[in-house]
Amino acid sequence: MLSRPKLPEIDNVRALAIIAVLLIHGTSNATLLPLGTASQALFFILNKISLFTVPLFIWISGLVLFYTYFDRWEPGMAIAFWTKRVRKILIPYVGWSLFYYLFNQFMFHGEIHVDPVYFIKLLVSGNASYHLYYMIIIVQFYLLFPLLMTAAKRFPRFRQSLIPLGIILQVSGYGFHHWVHPIPEYTSLFISYLALFACGAFVGIHYSAAVSWSNRYRSWLWSIALIAGASYASMLLLHQYSLISLENTWYELALLVYCLAIPLCVLQWARRLVFMSSSLSRLMSSLGAASFGIYLLHPALLTLWDRLAPEQGRFLLYDLHTICSVVIGLFGSWLLVRLSTSIINKKNLRR
């Protein structure tokens with residue numbers, strides 16, 4: 001069976017997601033500025049409203065996998081699927097985990113000690129660097145994908161119930177973790193993001209219908225996303241000033257609604273950008289295509305850049321440093337990815 005046409009808008013969605021990653025990591029130190037300063041409040045809000053990024057990447061994975069494989073999936077394809085993911089995801093993950101294991105030791109301690117057992121523990125938990133936990137989550141979804149796809153193909157009711165089932169299971173997992181018994185490494189388990197993956201999967205299967213539906217209810221989706229995002233950031237901002245004290249579930253609920261609404265809003269914007277054929281469209285497409293490399297590289301650049309950080313008391317300089325952290329982390333990584341891709345392509349042409 002013929003493959004479905006490629007979705008160029010997805011690179012634009014990835015671009016926005018990777019920009020949000022850099023906003024989170026680039027402003028993280030600035031959120032620790034003294035309370036009451038305008039800089040702290042601004043960077044804190046930017047940091048928190050960007051927390052949709054990992055859920056958005058999970059949603060993209062669900063969409064792309066189900067969009068790509070649904071019409072041609074057979075259970076016997078599972079081995080080939082996993083083999084491809086080992087080559088594209090697992091091997092780079094191991095390599096970059098080793099890099100950050102050694103790099104962070106040198107940068108923060110000035111020396112390197114190799115402990116294979118400890119490194120394996122870091123590898124399993126995704127803790128070799130602060131950003132690598134995402135790889136553990138996505139590997140879990142890759143392991144589950146053949147089972148979920150087979151069920152979606154064979155059972156129409158399961159296929160049509162993907163969204164409510166995903167939400168119910170994610171909420172149930174949170175409820176057990178929060179009220180019954182803490183689940184080890186809960187934030188790195190697939191259950192923490194199952195609603196987003198299921199929503200992406202549903203959109204991937206019914207892409208044209210989902211796009212039409214989102215366009216029809218555009219104003220509602222944007223209103224929900226803006227209200228939920230503003231509520232989440234506002235509650236956190238007020239909490240840090242000790243002006244409110246809410247049970248954690250309220251924050252989680254606002255974040256879940258925000259993260260469920262954002263993907264379709266971003267998709268609408270991304271589709272419009274594709275048809276613009278502007279410089280911005282080309283830039284976003286290029287950033288999206290390089291997003292995996294940017295994700296892997298940027299913490300190293302931010303660590304190097306933070307060596308030049310001024311004292312937090314020098315607010316104007318520190319604000320400028322924080323803004324440059326985002327810009328350097330994003331475009332510096334992007335440039336390195338483009339250069340490495342160009343070198344690899346030239347070597348391949350010579351063979």
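**Exercise 1.** Which residues in α12 and α13 meet?

*Solution.* Start with the ground rules: this is a predicted model, where local features need pLDDT of at least 70, side-chain atom pairs count only at pLDDT 80 or more, and totals for chains, interfaces and linings use all residues. Residues are numbered from 1 along each chain as its sequence is written, and side-chain values use heavy atoms, leaving out hydrogens and water.

Now look for contacts (heavy atoms within 4.5 Å): W269, L273 and V274 of α12 meet L280, S281 and M284 of α13. Sorted by type, these are five nonpolar, one polar and no charged. Here Ala, Val, Leu, Ile, Met, Phe, Trp, Tyr, Cys and Pro count as nonpolar, Asp, Glu, Lys and Arg as charged, and the others, Gly among them, as polar.

**Exercise 2.** Describe how α12 is placed against α13 and against α8.

*Solution.* Take α13 (residues 279–289) to begin with: its axis and that of α12 come within 8 Å and cross at roughly 120°. α12 is therefore oblique to α13. For angles, under 35 degrees is roughly parallel, over 145 roughly antiparallel, 65 to 115 roughly perpendicular and the rest oblique.

Next, α8 (residues 162–180) packs on α12 (residues 248–276) at about 160°, with the axes 12 Å apart, so the two are roughly antiparallel. Among the residues making this contact are Y174 and W179 of α8 and L256 and L260 of α12.

**Exercise 3.** Where does α6 bend?

*Solution.* Find L144: α6 bends there by about 45°, and P146 follows within four residues. The bend is the angle between axes fitted to the seven residues ending at a residue and the seven starting there.

Key:
Axes fitted to C-alpha atoms, helices over the stretch in contact; angles between N-to-C directions.
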